[in-house]
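Here are some friendly notes to read with the model open beside you.

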Amino acid sequence: MIVLKRYLRWSLLSALSGLLAGVAAAIFLILLEWATQTRDAHTVIIWFLPLAGFLMGWVYHRHGHGVDAGSNLILDEIHDPRKIIPFRMAPFVLVGTVLTHLFGGSAGREGTAVQMGASLSDQLTRILKIEPEERKILLVAGAGAGFGAAIGAPWAGAIFGMEVLAIGKLRLFAWFQCLVASFVGFHVAHLVGAHHTEYPAVIALSFDVKTVAVVAFSGILFGLCVIAFVRVTHFIEHLLKKYVSYAPLKPFVGGVLVVLFFRLLGTDRYAGLGIPVILEALRVPSDFASPALKAFATALTLGSGFKGGEFIPLVFIGATLGSALSVVFHVSCQLLASVGFAAIFAGAANTPLACSIMAVELFGFPIAPYAFVACFMSYYSSGHQGIYRAQRVDAHKHRHLRRVLGYFTVQ
C-alpha cells in the first residue's frame, strides 16, 4: 500500500512537471517558428542584432541575477540544492532566445526548453510539500521533459535528464519520474500545436565491417570537433570578459561581429537554427566549409551572451560534416549525416545513450547500431569539458572504454 501511494504521488508530480514543460516547450516552438518566418521574410532585420543583444544584456544585467547561469544553474541545484530557481528564468530565457533567432543569431532551442522545464517544475516546491531529495528528482524530470518535448523524442528526454548530471555514470535513480514527465511533456506539446521537424527515415542498412569502421572513425572526428567548438566558444567568452567591462555591451559587440561575419560571407545561411541546411545535408553531400562556418557563427553568438541552446547548431555541424565525409569514405550520405546529427551532441553534452535513442526516434530503428557506435566514440573522444560546465566527472571516460556496461549504474 505504501509503495502504491508512493508511485501514485510520483505519477501526479511527474505528470505536473511534464505538463508545465510541455506547455512551455509548445509556446516556445510556436514563437520560434514565427521568429524564423519573420526573419526569413524580412532579412534586413538581421542588422538590428547588436541592438537586440544590448537590450537582452541590459535586462539580464539589471534583473537577471540568479538566473543568468542558465542550464549550469540547474545542474548546480541538482548536485547541491540550495534555493528554488527563480520563476523569472523561464520567461527571461524564452524571450531572450526568441529575440536571438528573430534577429539572426546562430543558436539552438533545446537548452532553453531544458531551462524552462526545470525552472517551472521547481516552482512546485513553493506550492507543495516537496522534500529536498524529491526536489532534485523533479528538476531532473523537468529538464528531461523539456528536452524531449522540444525535440520530439520522449524516450531520449527520459534518459537525458539523468545522463546529463555527471560524466562517467548514468544514475537511474529517477527513471520512473523522468519517463512519465517526458511522455506527458511530449504529448502536451503536440496537443497544444507545437511543430516538430520531421526527418527522413534511414532505409534498412546492412551491418558490414567497412561501414562500422567508417562510422566509428567519424565518431572520433565528431568528438574532436566538439573540443574545438567548446574551446573557441570559451575563448570568445574570455576575450569579451577581459576587454568589455559593461555586461550589456558584450552581446552588442558579439552582435556586430555576427552581422559583419554574415555580410562578409554574403549569405544568411548560418543565421538562426539552419533546419533547411540540415535537411539538405541528409539528402545530398555537403561541403566541409558549412560545419566550420556554422561553428564559428554559433561560438560568436553564444560566447558573447546571446540566449539559446547549442543543440541545433551542433546538429547542423554534425550533419553537414557527416554528409561531407560520406564522399571521402564512399558510404551513404544519409547514414553519416544522421549519425553525425546525434553523435556530435552526444560528445558535447556527454549524453551518448540519450543521443543514441534520439537517433532511433528521429531516423528509425535501422540506424540503431550505427548511432550507438558513433555516439559513444564521439563521447569517448570529446574530453571531459563539454558545453555544460557544471557537469561533474564521476569517472574518467577512458576507464570505461573496455567495459562499456560499467557506464550504467543504478543508484
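1. The largest cavity has a volume of about 70 Å³, a volume being the space filled by probe spheres set on grid points that are joined across faces, edges and corners. A cavity here is a set of points, on a 1 Å grid over the protein atoms alone, where a 1.4 Å probe fits but cannot get out, and lining residues have an atom within 4 Å of a point. The structure holds one cavity of 30 Å³ or more.

2. Please bear in mind that this is a predicted model, in which local features need pLDDT of at least 70 and side-chain atom pairs count only at pLDDT 80 or more, while totals for chains, interfaces and linings use all residues. Residues are numbered from 1 along each chain as its sequence is written, and side-chain values use heavy atoms, with hydrogens and water left out.

3. Which residues line the largest cavity? They are Ser 71, Ile 74, Leu 75, Val 114, Ala 143, Phe 160, Val 164 and Tyr 388. Helix 3 gives the most, three residues; helices are DSSP runs (H or I, at least four residues) numbered from the N terminus. By class the lining has seven nonpolar, one polar and no charged residues (Ala, Val, Leu, Ile, Met, Phe, Trp, Tyr, Cys and Pro count as nonpolar, Asp, Glu, Lys and Arg as charged, and the others, Gly among them, as polar).

4. Now to the largest pocket, which holds about 1200 Å³ of space. A pocket is an open set of points with protein on both sides within 12 Å along at least five of seven lines. Of the 41 residues lining the largest pocket, Asp 68, Glu 237, Leu 302, Gly 305 and Lys 307 lie nearest its centre. Helix 10 supplies the largest share, seven residues, and the lining as a whole has 16 nonpolar, 18 polar and seven charged residues.

5. The second largest pocket has a volume of about 490 Å³. Its lining has 21 residues, with Thr 36, Asp 40, Leu 273, Ile 275 and Pro 276 nearest the centre. Helix 1 (2-41) and helix 12 (275-281) each give two or more residues to this lining, and the largest share, eight residues, is from helix 1.

6. Lastly, helix 15 (residues 333-349) packs with helix 17 (residues 368-381) at an angle of about 40 degrees, their axes 8 Å apart; axes are lines fitted to C-alpha atoms over the stretch in contact, and angles run from 0 to 180 degrees between N-to-C directions.
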